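Let's go through this fold by question and answer, strand by strand and then helix by helix.

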Amino acid sequence: MKRFLIGLLWVIPVLSIAQTNFRKGYVITNSKDTLKGYIDYKERSKSPVNVDFRTSLNSSTQTYNLENCAGYGIDDTEHQRRFTVNISMSKVDVANLSYGPDSSFKRKTVFLKVLQDGKNLALFSYEDDVKERYYMMSRNHQEPVELIRNIYLSTVKTNAIVNDNKYVRQLLAQMMESNPGRPVPEKSISNLDYTERKLLKFVSGINDQEPP
């Protein structure tokens, strides 16, 4: 019985470690130091505001947040970087659409998920209670710019929904700036939905690389 209890006491911590969701990753501090260790990976419906970190699987957990963490990553899975950006507040669900375009925004420090960091352009995503948004940042800028999609009710035609896809014009301008003289991919532009897959494919073209 004594041996059984001793064995149980030894097994429990091992099982506890095995059941955690800590994966190899890193944290970048405000002083730009990169700390290697393990990140608690969580499936999220919204962008994170903090992250749990351990230097080893057996060490104590440290929580990093937007005040003391410039970014973090989980090897081959997810990378987040901290930025202060403008966040559009227009709604996308039909029941809450505004009459006429809604250009309201708030300025906030957030973690943006890195979708691609190419030679010409970086693409990010951010999601909160309002909606999911995408951001781009060219090599000669320090702050990501939101790719704007504004959906609203027409003030002229009753019950008509207007889709102002400003993000298409933004990406087209960026493509022409990064690759002057390159023919405009009309088919890609006309089919450029506001989705991660389509935006990644288009940005990959701007960066002259294969989409992930």
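Q: How many bridges join strand 2 to strand 3?
A: This is a predicted model, where local features need pLDDT of at least 70, side-chain atom pairs count only at pLDDT 80 or more, and totals for chains, interfaces and linings use all residues. Residues are numbered from 1 along each chain as its sequence is written, and side-chain values use heavy atoms, with hydrogens and water left out. Strand 3 covers residues 50–54 and runs antiparallel to strand 2; strands here are DSSP runs of E with at least two residues, helices are runs of H or I with at least four, both numbered from the N terminus, and two strands pair if DSSP finds at least two bridges between them. For strand 2 and strand 3, the number of bridges is two.

Q: Which residue in strand 3 is the bridge partner of I39?
A: Strand 2 and strand 3 are antiparallel. The partner of I39 in strand 3 is F53.

Q: Which residue in the turn between strand 1 and strand 2 has a positive phi?
A: Strand 1 (residues 22–29) and strand 2 (residues 34–40) run antiparallel and are joined by seven bridges, with I28 partnered by T34. The two strands form a hairpin with four residues between them. The turn residue with a positive phi, about 70°, is K32.

Q: Is D40 buried or exposed?
A: D40 lies in strand 2. Leaving out residues up to four places away in sequence, D40 touches N21, F22 and D52, where contact means heavy atoms within 4.5 Å. Buried means under 20% relative accessible area, exposed over 50%, and partly exposed in between (1.4 Å probe, protein chains only). D40 has a relative accessibility of 15%, so it counts as buried.

Q: Which strands are the edge strands of the open sheet of 10 strands?
A: The sheet has the order 4-3-2-1-5-6-7-8-9-10, with antiparallel pairing. An edge strand here pairs on one side only. That picks out strand 4 (62–65) and strand 10 (145–147).

Q: Why does helix 2 count as roughly parallel to helix 4?
A: Helix 2 (residues 166–178) and helix 4 (residues 196–206) pack with their axes 10 Å apart; axes are lines fitted to C-alpha atoms, for helices over the stretch in contact, and angles run from 0 to 180 degrees between N-to-C directions. Angles under 35 degrees count as roughly parallel, over 145 as roughly antiparallel, 65 to 115 as roughly perpendicular and the rest as oblique. Helix 2 is roughly parallel to helix 4 because their packing angle is about 20°.

Q: Which residues of helix 4 make the contact with helix 2?
A: On the helix 2 side, the contact is made by Y167, L171, M175 and S178. The helix 4 side consists of L199, F202, V203 and I206.

Q: What is the relative accessible area of R149?
A: R149 is found in the loop between strand 10 and strand 11 (150–153). Setting aside neighbours within four places in sequence, R149 is in contact with several residues, including S90, K131, D164 and Y194. R149 is partly exposed, with a relative accessible area of 24%.
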